[in-house]
Amino acid sequence: QVQLVESGGGLVQAGGSLRLSCAASGLIFGSYDMGWFRQAPGKGREFVAAISWSGFDAYADSLKGRFTISRDNAKNTVYLQMSSLKPEDTGVYYCAAKLRIARSWAEPNYWGRGTQVTVSS
């Protein structure tokens with residue numbers, strides 16, 4: 001059974017930082033690209049960042065320079081380091097996994113349950 005378990009969310013003041021973690025189990029981690037998505041209250045889920053099995057990363061244009069995605073293949077874990085947080089970064093952050101052969105993140109193979117991030121002004 002595949003599980004993606006996010007952790008590290010919480011309440012932080014604007015300008016602060018958080019590091020999210022996503023521990024994966026039940027899959028061959030190196031066969032998957034990993035991604036982070038978020039959903040703000042009343043809005044749809046949006047792409048945040050992704051990282052390939054080899055470490056190639058990509059970001060939503062609006063988040064470049066503030067967020068950094070990384071992965072530790074030995075620990076089957078992907079991270080999202082978030083800095084200079086803004087109130088508009090508030091939302092539920094989801095970890096996702098897609099097979100390397102899939103070209104887009106339109107339909108990831110697996111989702112985590114999410115972790116809440118709240119940024120106060």
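Where is the place of serine 84? Serine 84 lies in the loop between E8 and strand E9 (91-99); the points below set this residue in its context.

1. Basis of the note. This is a predicted model, in which local features need pLDDT of at least 70 and side-chain atom pairs count only at pLDDT 80 or more, while totals for chains, interfaces and linings use all residues. Residues are numbered from 1 along each chain as its sequence is written, and side-chain values use heavy atoms, with hydrogens and water left out. Strands are DSSP runs (E, at least two residues), numbered from the N terminus.

2. Open sheet. Four strands, in the order E1-E3-E8-E7, make up an open sheet with antiparallel pairing; two strands pair if DSSP finds at least two bridges between them. Strand E1 (3-7) and strand E7 (67-72) are the edge strands, each pairing on one side only. From one strand to the next the twist averages 15°, where axes are lines fitted to C-alpha atoms and angles run from 0 to 180 degrees between N-to-C directions.

3. E1 is joined to strand E3 (residues 18-25) by five bridges, and serine 7 has serine 21 in E3 as its bridge partner. Between E3 and E8 there are six bridges; here serine 21 is partnered by tyrosine 79 in E8. E7 pairs with strand E8 (residues 77-82) over six bridges, with threonine 68 opposite glutamine 81.

4. Positive phi values. Most residues other than glycine have a negative phi. Asparagine 76, in the loop between E7 and E8, has a positive phi of about 55° although it is not a glycine. Serine 84 likewise is not a glycine and has a positive phi, of about 45°.

5. Aromatic pairs. The structure holds five aromatic pairs, counted where ring centres of Phe, Tyr and Trp (its six-membered ring) lie within 6.5 Å; planes under 30 degrees apart are stacked, over 60 edge-to-face and the rest tilted. The rings of phenylalanine 37 and tryptophan 111 form an edge-to-face pair, because their planes stand at 65°, with the centres 5.0 Å apart. Phenylalanine 37 belongs to strand E4 (residues 32-39) and tryptophan 111 to strand E10 (residues 110-111), so the pair ties together parts 74 residues apart in sequence. Phenylalanine 37 is buried at 7% relative accessible area, whereas tryptophan 111 is partly exposed at 34%. Ring pairs link Phe37, Phe47, Tyr94, Trp105 and Trp111 into a cluster.

6. Charges over rings. Arginine 45 lies over the face of tryptophan 111, 4.2 Å from the ring centre. The charged end of arginine 71 sits over the ring of phenylalanine 29, at 4.3 Å from its centre. The criterion is NZ of Lys or CZ of Arg within 6 Å of the ring centre and within 35 degrees of the ring normal.

7. Leucine 80 touches residues including Leu20, Trp36, Val48, Ile69 and Tyr93 (heavy atoms within 4.5 Å), not counting residues up to four places away in sequence.

Technical notes: Buried < 20%, exposed > 50% of the residue type's maximum accessible area, 1.4 Å probe, protein only.
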